[in-house]
Amino acid sequence: AQERVAKKQKSLLESIYQQTQATLKIGTGDIIAVREAQARVDAAEADVIKASNGVAIAGKQLQRLTHHPIGVLEPLGHYQALGPQPDDMQSWVHSAVQDQPLMHQAQAQLHTAQQEVQYHQRARWPVVNLQGVAQHALGNPFPGLVMNQAGVSLNLSVPLYEGGSISASVQKAQAQTVASVDHVANVRDEVTLNTQTAFLNLKNSVAQLKAAKETVDSAQLSLEGTRKGYEVGTRSIIDLLHTATDYVRAEQDYNVAFYNQVIARVQLKAASGQI
């Protein structure tokens, strides 16, 4: 979108430059206005190159992200600005706490830490081993001799002293559990803040897009009025160049606000765990 605006800016300034040359030839213009218009056209050409390079770099970044060749990317076209749906911050925060993958990860780590405590505590439990033995021998050591043996053993071992290793392991696991509890709380606070910020940014983006659109309309009217004033001699070529630059800048700001609105929608859904 910015590349299209840069090309539009160049075309607009070239038309003004041609006007200055025409007025200079008929004797109503001046060389200073021609030089100023030429400088603006040169700067616009540099802006077109910069914008084209930006498109190429963005395409390479997208190709790296998707691992697929990037074809022609179509603009979004008409897009209705919308705020949060529903327009209730608390419902988005509740969804984030329930669905955000970061929350699931932190809770899983806490559950693992709690199980680790139980694992080390069970090292103090007595251990019971039951073993069974059966043997059948025929003709050994004497011919015709049959021997059958069977036995069962039951062993009970109780850990009485392990040099403090069990207690140390339990304490370490308990400390890790406490840290995991704090981590869950921190993640919950972070997810809540991110969701609240994304919610407010989305609401703000709607107002910014509306203001940017009104600025473009106003700048366009000003450009048309200044062009007519220049044709009748009430405005100078410098006034026309300044007004044209303001109009182009307004369109650039509108593009920023437009895509910020789109991105703000995605960011709110991502913050709340809906992507």
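**Aromatic rings**

Tyr 259 counts as partly exposed, at 30% relative accessibility.

I note that this is a predicted model, in which local features need pLDDT of at least 70 and side-chain atom pairs count only at pLDDT 80 or more, while totals for chains, interfaces and linings use all residues. Residues are numbered from 1 along each chain as its sequence is written, and side-chain values use heavy atoms, with hydrogens and water left out.

I then counted ring pairs, taking rings of Phe, Tyr and Trp (its six-membered ring) with centres within 6.5 Å, as stacked under 30 degrees between planes, edge-to-face over 60 and tilted for the rest. The count comes to two aromatic pairs. Phe 258 and Tyr 259 form an edge-to-face pair, with 4.9 Å centre to centre and 85° between the planes. Tyr 254, Phe 258 and Tyr 259 form one aromatic cluster.

**Largest pocket**

I looked up the largest pocket and noted about 790 Å³ of space in it. Of its 25 lining residues, the closest to the centre are Ala 1, Gln 2, Glu 3, Ala 51 and Val 55. A pocket here is an open set of points on a 1 Å grid over the protein atoms alone, where a 1.4 Å probe fits, with protein on both sides within 12 Å along at least five of seven lines, and lining residues have an atom within 4 Å of a point.

Definitions and conventions: Buried means under 20% relative accessible area, exposed over 50%, partly exposed in between (1.4 Å probe, protein chains only). Grid points are joined across faces, edges and corners, and a volume is the space filled by probe spheres set on the points.
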